[in-house]
2 protein chains.
Amino acid sequence: MDFDTLVHQPTRLQIFAYLYRHDEAAFSEIVDELDLTEGNLASHMNKLAEADCVDVEKQFVDDSPQTTYRLTDHGRETFEDHVGQLEALIESLDE
Amino acid sequence: MDFDTLVHQPTRLQIFAYLYRHDEAAFSEIVDELDLTEGNLASHMNKLAEADCVDVEKQFVDDSPQTTYRLTDHGRETFEDHVGQLEALIESLDE
């Protein structure tokens, strides 16, 4: 069983889970909800965008720039595969 | 939710799961079952022993040195806590 560290890394695992549950989320919302620094979140989001796991949308809301993220289909599949691996590991403990 | 990287790191998560299921295991058995190099396993086992998560026993079997490992009570609790966190994350996806 090989865990994909793109998803498994602790902070990114929580970002994936958050976006999976919330469909789309603003940068500032994720910073608040996951208690991350802006620099830390930006760095992880760059990695996820490069891997084609998140779509990034930049727009102006009330004249302020706002960046929102959502998982791509590839991102959802990648995360679901990973959750499947974690579930398999957890289930193996009862054997 | 803060994941303890001592347990969460992919290879160590699998070592924890293996020892949790097998009570005790020889070095060579773990190398084979988890498809690790000896150097890689030794390095992770040193970390786990330093953190008081595994007990190490060295003995001679048929004149050959053999090292066996088992989780300490602290190691079992640490792993169970971590599995609980992973289960909570997975369950949150259905909310």
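In chain B, strands β2(B) and β3(B) make a hairpin, with two residues between them. One turn residue, B:D62, has a positive phi of about 50°. This comes from a predicted model.

Now turn to β1(B), residues 24-26. It pairs with β3(B), residues 64-71, again in the antiparallel sense. Three bridges hold this pairing on record. Here B:A25 stands opposite B:Y69 of β3(B). Strands of a sheet pair through backbone hydrogen bonds, in either a parallel or an antiparallel arrangement.

Move to chain A. In what order do the three strands of its open sheet lie? The order is β1-β3-β2, and the pairing is antiparallel. The edges are β1 (24-26) and β2 (54-61) of chain A, since each pairs on one side only. From one strand to the next, the twist averages 25°.

Three bridges link β1(A) to β3(A), residues 64-71, and the two run antiparallel. A:E24 has A:R70 as its bridge partner in β3(A).

Helix α2 of chain A covers residues 10-22. It lies across β1, β2 and β3 of chain A. Relative to β3(A), helix α2 runs at about 90°.

Methods: Residues are numbered from 1 along each chain as its sequence is written. Chains are lettered from A and ligands numbered from 1 in the order in which they are written. This is a predicted model: local features need pLDDT of at least 70, side-chain atom pairs count only at pLDDT 80 or more; totals for chains, interfaces and linings use all residues. Side-chain values use heavy atoms; hydrogens and water are left out. Two strands pair if DSSP finds at least two bridges between them. Helices (H or I, at least four residues) and strands (E, at least two) are DSSP runs, numbered from the N terminus. Axes are lines fitted to C-alpha atoms, for helices over the stretch in contact, and angles run from 0 to 180 degrees between N-to-C directions. Contact means heavy atoms within 4.5 Å.
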